Amino acid sequence: MPLTPEQQAEIDTLRSQPQETLRTVAPGMERHLYTAHPVLDHGFVRVVDYMGDDAAICQAARVSYGKGTKSVSNDEGLIRYLMRHWHSTPFEMCEVKLHVKLPVFVARQWIRHRTANVNEYSARYSILDREFYIPAPDALAAQSTTNNQGRGEALQGDEAQRVLRILQDDAMRCYDHYEQMISEDGQQGLARELARMNLPANVYTQWYWKVDLHNLLHFLRLRADAHAQYEIRVYADAICAIVADWVPAAYKAFEDYRMGGATLSSSALDCVRRMLKGEEVTQESSGMSKGEWREFMGVIEP
Ligand SMILES: Cc1cc2nc3c(=O)[nH]c(=O)nc-3n(C[C@H](O)[C@H](O)[C@H](O)COP(=O)(O)OP(=O)(O)OC[C@H]3O[C@@H](n4cnc5c(N)ncnc54)[C@H](O)[C@@H]3O)c2cc1C
């Protein structure tokens, strides 16, 4: 369960005490504030705080005294222009602070995104909960035969049961030992900062993660992508849904130019021009490597 009844009660209390403010309020984001969106078996993402909205991006771009808004269509056009031309600083004027609960092996991938501020739950100070990520049956997959950095079909029948049992037994055994090392009647007990080293990488941790919109979109571009590991992708997908409600125009432009768009090299562009003129271009005549050609064809003939 992602939240205990006590944690849910705290969130409900916060949501029942709205305050008046002169600050920018994004109605779509207000709906998400404090609410925990479940991810994986015990994880969640929730918005703790945010700053700015679509208009704040335009306000910064125009260095305006007022709200910066001209009209919705005018603002949307400006946001699309900024996104198209990689004018990133106006997007940095919006920020979001998230509370994320995630398995340690996912946190290791996530923390590689250096352009954010992080504060993690201290397993030196506190005792970790007995919560481990155990994949759902469709996520319990075999090693991919075509991609060294990926997975293939879901395991079936006895093999799935055997793997699941190992994962569950190991997690429980390690946690039992963790507890035993920390405190045994009549003994000193091992420090928490040392006892934790015996826990598997599927144990859950939590952190506050604050990031500006420009760097958040960069994170989402990489982690809400089919190449990203499923377990981090589901967090990125949950954040995408939140961002779409927070800054709808910026998110639409991001979907169009970044998620749905593609960058072409000058040799790839040259091939497109030759193809438009009716020339039959092959990998051999393209000047591209086999890998580049495969990716290029994936873009123009998906
Ligand atoms: C599908 C996938 C597979 C991956 N596989 C591996 C892997 O096998 N091994 C591995 O180690 N990593 C791997 N990574 C991590 C990847 O290499 C990046 O470290 C990670 O995606 C963070 O990207 P970033 O540096 O652009 O993000 P951020 O750290 O958020 O940085 C954003 C941008 O800021 C700039 N920047 C930030 N810090 C600096 C700096 N110190 N110097 C210069 N510019 C900076 C860069 O322009 C950077 O793109 C993988 C990532 C993905 C998405």
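Alanine 36 stands opposite arginine 46 in E2. The model is predicted.

Reader: How many bridges join strand E1 to strand E2?

Author: E1 covers residues 36-39, and E2 covers residues 43-51. The two strands run antiparallel. The bridges that join them number 4.

Reader: Which residue in the hairpin of E1 and E2 takes a positive phi?

Author: The hairpin has 3 residues between its strands. A positive phi near 55° occurs in this hairpin, and the residue that takes it is leucine 40.

Reader: What is the bridge partner of methionine 51 in E3?

Author: E3 spans residues 95-103. E2 and E3 pair in the antiparallel sense over 7 bridges. In E3, methionine 51 has as its partner glutamate 95.

Reader: Is tryptophan 110 buried or exposed, or partly exposed?

Author: Tryptophan 110 lies in helix H5, residues 104-110. A buried residue needs 20 or more other C-beta atoms within 10 Å, and an exposed one has 12 or fewer. Tryptophan 110 has 19 C-beta neighbours inside 10 Å, so it counts as partly exposed.

Reader: Which residues does tryptophan 110 touch, not counting residues up to four places away in sequence?

Author: UniProt lists Trp110 under "binding site" in an unreviewed entry. Its contacts are counted beyond four places in sequence. They are Leu102 and Ile232.

Reader: Where is isoleucine 111 found, and how many other C-beta atoms lie within 10 Å?

Author: Isoleucine 111 sits in the loop between H5 and strand E4 (117-120). Isoleucine 111 is partly exposed, because its count of other C-beta atoms within 10 Å is 13.

Reader: How far apart in space are the residues UniProt lists for "binding site"?

Author: The unreviewed UniProt entry lists, among them, Gln109, Glu120, Arg196 and Arg223. They are spread over 115 residues of sequence. They are also spread in space, with C-alpha atoms up to 29.3 Å apart.

Reader: How many residues of the shell around the ligand are charged?

Author: The residues around the ligand include Arg112, His113, Asn215, Arg223 and Ala228. The shell holds 2 nonpolar and 5 polar residues. The charged residues number 3.

Reader: What does helix H9 reach from its first C-alpha to its last?

Author: H9 runs over residues 230-246 and has 17 residues. Its buried residues include Ile232, Tyr235, Ile239 and Trp246.

Conventions:
Residues are numbered from 1 along each chain as its sequence is written. This is a predicted model: local features need pLDDT of at least 70, side-chain atom pairs count only at pLDDT 80 or more; totals for chains, interfaces and linings use all residues. UniProt positions are given in the numbering used here, feature names are shortened, and annotations may be inferred rather than shown by experiment. Two residues are in contact if their C-beta atoms, placed from the backbone, lie within 7 Å. Two strands pair if DSSP finds at least two bridges between them. A residue is near a molecule or strand if its C-beta atom, placed from the backbone, lies within 6 Å of it. Ala, Val, Leu, Ile, Met, Phe, Trp, Tyr, Cys and Pro count as nonpolar, Asp, Glu, Lys and Arg as charged, and the others, Gly among them, as polar. The expected span of a helix is 1.5 Å times one less than its number of residues.
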